[in-house]
Structure formats: structure tokens, C-alpha cells
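Please open the structure and follow along.

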Amino acid sequence: MSIAPTTPATATNSTDSQAPLFQPYTLGALALPNRIVMPPMTRSRASQPGDVANDLMAQYYAQRAGAGLIVAEGTWISPLGKGYAWTPGIHTAEQVAGWRKVTDAVHAAGGRIFAQLWHVGRLSHTSLLGGQAPVSSSAIQAKGVNVFVADHDGTPGFVQASQPRVLTVPEIHAIVDEYRQAARNAMAAGFDGVELHAANGYLVNQFIDSEANDRTDQYGGSLDNRLRFLEEVAQALVEGTGSGQRVGIRLAPLTTLNGCVDADPETTYTAAAERLGRIGVGYLHIAEADWEDAPHMPMAFKQRLRAVYPGTLIYAGKYSAERANVALSEGWADLIAFGRPFVANPDLPARLQAGATLTPHDRNTLFGGGAQGLIDYPVMDAKAA
């Protein structure tokens, strides 16, 4: 889950149509009309039972098809990969058919959309897993971390993530296979590509970050070992989609969300970027820490990532249009993701280009519910445009 409360904001960029943010960009076989990305944001509105993407979600994403690229909300790849109530999966035939409604709607509206493939690992609760314990790189509980669940009567709430059990090596190999199949399912559902969620403390991140991984086998200890699972999953996604250009990876080098901390993140994530470049994935989606007093991502770090990774670099983290244009002009970013602003501004690219005031979102309707707070935010009027 990646939405947090924020304050109303005003777009501060120049309305110059020649500004970098509004220029086209080629991402693999996709021609993007602008450099604006709608990143994945959990909204917990999948149909029950079955956690199936639905017509409401199709309308939500189609409203936002003006983005250069949409990355859909995290969708779990297998039953043990689920960590939050009412989130969609891409594991069953019914789920694949549900996502086809979404991709058809986005494409009909002229948009482009990737699926974000998600395994939460230890960030789950036994009530979401049929009584089973969550799994992780190690049997380390994410203490103080809450996950979104629903009671037997459907009442939503947050509870402490359950104690996980450690994955065996054969189970790790099986999860790599599940990612490969999920990529195939995403292609069958009509997505233009897939993004691996390797950030924010979820399963892949639980292998990468040193403080979340105490294994002593080939998947733990040294940096090479801690990056092994990431590499194997990335390669599986390339195989599952048929092309590295249909694969993106989301990383969060300096965030400490959900209890994942690395002792030397700059070294770790520079090495990860270099390896992913060799595999040939199409983009890296870098989530900068965006809360108050968050660690700053130094420019030297961003330049190191640019130097070692030959593909597209997307950055996300409280960017205004003005900051986005600077990043694009300086060349260390190719695309910029705007998360929270897309919730309440379905026509965000047009608003940014017009320099219009952005509508604030209602935090009470972020997770769960129906149309309210999902598809009822208006576009700006003709005068503002």
C-alpha cells in the first residue's frame, strides 16, 4: 500500500507545452505521449469473493488514461502473496478475465498500462492466508507494522502483521515460477508489460535488505546472495512476458517502510541496478522516501544509478511539475510518477500543463468502498483548462 495523507497542492510548473514533462517518450514498443506516470496505488476495491478486478476499477483507470504510462495497483501472484483485504490477484482465470476488462478500457481510452506483480511476504496476516503463516526470507517479524484486513462481518481494520516462517530453497524456486506464470497471465489479460514490486518492505525487498535477511545459504549473507532472488525473478518476468522491454522493477533504496533496512543502501542498490541492466529490464522505478524528515536521496546516488543502468529511469516521491521538469532537464530521470495527485485528479496531465490547482483527495475513501472517492472526482472545467 503506498498512499498516505498529504496536504492540498498547487501545480507550480510553467505551462509551456515544450516543457520536458509534456514531451513524448519511447518505452520499448510503447509511444508515450508525455513523461507522466501514474504509479501503483492500493485501493482495495476488488470484487468478492475471488479478489477480481471489476468494472469500477476499469472506469477508474480509464479515466486516468492521459498518463504516459499507468502502473496498476499491486496484484498478488499467488494466495500466499496476498497481504491486504480486497486487493486484486492475477492468479486465477477469473482474475485474469477481470483484469482484461481494465486493460480493454484503458486501451480504448488511448492509454498504456502495466501490471504490478506483488508478493507481500511477511507483510500479511493469517486471516488473509487461510490460517497459514506468512512467508519471508527469514523468520523475522515486521514488528509494529500493521496490515489491512476485514473481520468476518466485513468490517475493515488494521492488525499487526503475523510472525512469518522462513522459505525453503525449493519454495523460493516455486515462487520464481509463480512470478513467471503471473507475467504470462498479465500478457493474457492484455497488459502492455509488468512491474515487479521489489520495494516498500515486500518479499523481494525482504531478501535484498541486510537487516531483513539473516539466511546463511545461497540467498543470504553476501550482497551477491541477497540479490539472487531479485535477479531470478527479473529473469522469470522477462521470460514470462517475452521481452525485457515489457518489464520494470520498482525499488526503494532509502525507504525503511515496513521494517526493511539495509546497512549500505547505495552500494546495494547500485549493484542491483547494474545487474538488472545486464538482464535487460526496460525500466527501474525508483521510489524516493517522501514522508516528513525522510532521508534525502543524494544527487550523486542518482547519478551512479544513471551511470550503471542503461534503461529508462522513473522517479517518484512528492514531485511537483516544476521539480519534475528539472529532473528531466538534468537527465538523471526519464519519466516522473505522481502518486497521490492522481487519486483526486483523473486529468492530472492536463492540470499540470495548465498550471491548475490540484484537487485534494479524501483520505477516508482511499481503501475499500465503492465509487465514492474512486471515480467521482471531476475533471477541471473548461475555464481552468
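Q: What should I know before I start?
A: This is a predicted model: local features need pLDDT of at least 70, side-chain atom pairs count only at pLDDT 80 or more, and totals for chains, interfaces and linings use all residues. Residues are numbered from 1 along each chain as its sequence is written, and side-chain values use heavy atoms, with hydrogens and water left out.

Q: How do I read strand pairing, and which strands pair with β4?
A: Helices (H or I, at least four residues) and strands (E, at least two) are DSSP runs, numbered from the N terminus. Two strands pair if DSSP finds at least two bridges between them. Here β4 covers residues 69–76. Strand β3 (residues 36–38) pairs with β4 in the parallel sense over two bridges. Met38 has Ile70 of β4 as its bridge partner. On β4 and strand β5 (residues 113–118), the pairing is also parallel, over five bridges. There, Ile70 has Ile113 of β5 as its bridge partner.

Q: How does the chain get from β4 to β5, and what is the hand of the crossover?
A: A crossover is right-handed if, with the strands pointing away from the viewer, the path from the first strand over the helix to the second runs clockwise. Here the chain leaves β4, passes through α2 and reaches β5. This β-α-β crossover is right-handed.

Q: Is β4 mostly covered or exposed?
A: Buried means under 20% relative accessible area, exposed means over 50%, and partly exposed is in between (1.4 Å probe, protein chains only). β4 is mostly covered, with eight of its eight residues buried.

Q: What does Glu195 touch?
A: Contact means heavy atoms within 4.5 Å. Glu195 sits in strand β10 (residues 193–197). Glu195 counts as buried because its relative accessibility is 0%. Leaving out residues up to four places away in sequence, its contacts include Pro40, Val71, Phe114, Gly248, Tyr283 and His285. Glu195 and Gly248 are 53 residues apart in sequence, yet 4.4 Å apart in space, C-alpha to C-alpha.

Q: Where is Thr270, and is this residue buried or exposed?
A: Thr270 lies in helix α7 (residues 265–279). Thr270 counts as buried, at 5% relative accessibility. Beyond its neighbours within four places in sequence, Thr270 is in contact with Pro265, Phe301, Arg304, Leu305 and Val308.

Q: How do I read aromatic pairs, and how many are there?
A: Rings of Phe, Tyr and Trp (its six-membered ring) pair if their centres lie within 6.5 Å; planes under 30 degrees apart count as stacked, over 60 as edge-to-face and the rest as tilted. The whole structure has 12 aromatic pairs. One of them is Tyr84 with Tyr202, edge-to-face, at 6.4 Å centre to centre and 85 degrees between the planes. Tyr84 lies in the loop between β4 and α2 (93–108), and Tyr202 in the loop between β10 and α4 (203–208), so the pair ties together parts that are 118 residues apart in sequence. Tyr84 is buried at 2%, and Tyr202 is buried at 0%.

Q: Which residues form an aromatic cluster?
A: Trp86, Phe148, Phe158 and Phe367 form one.
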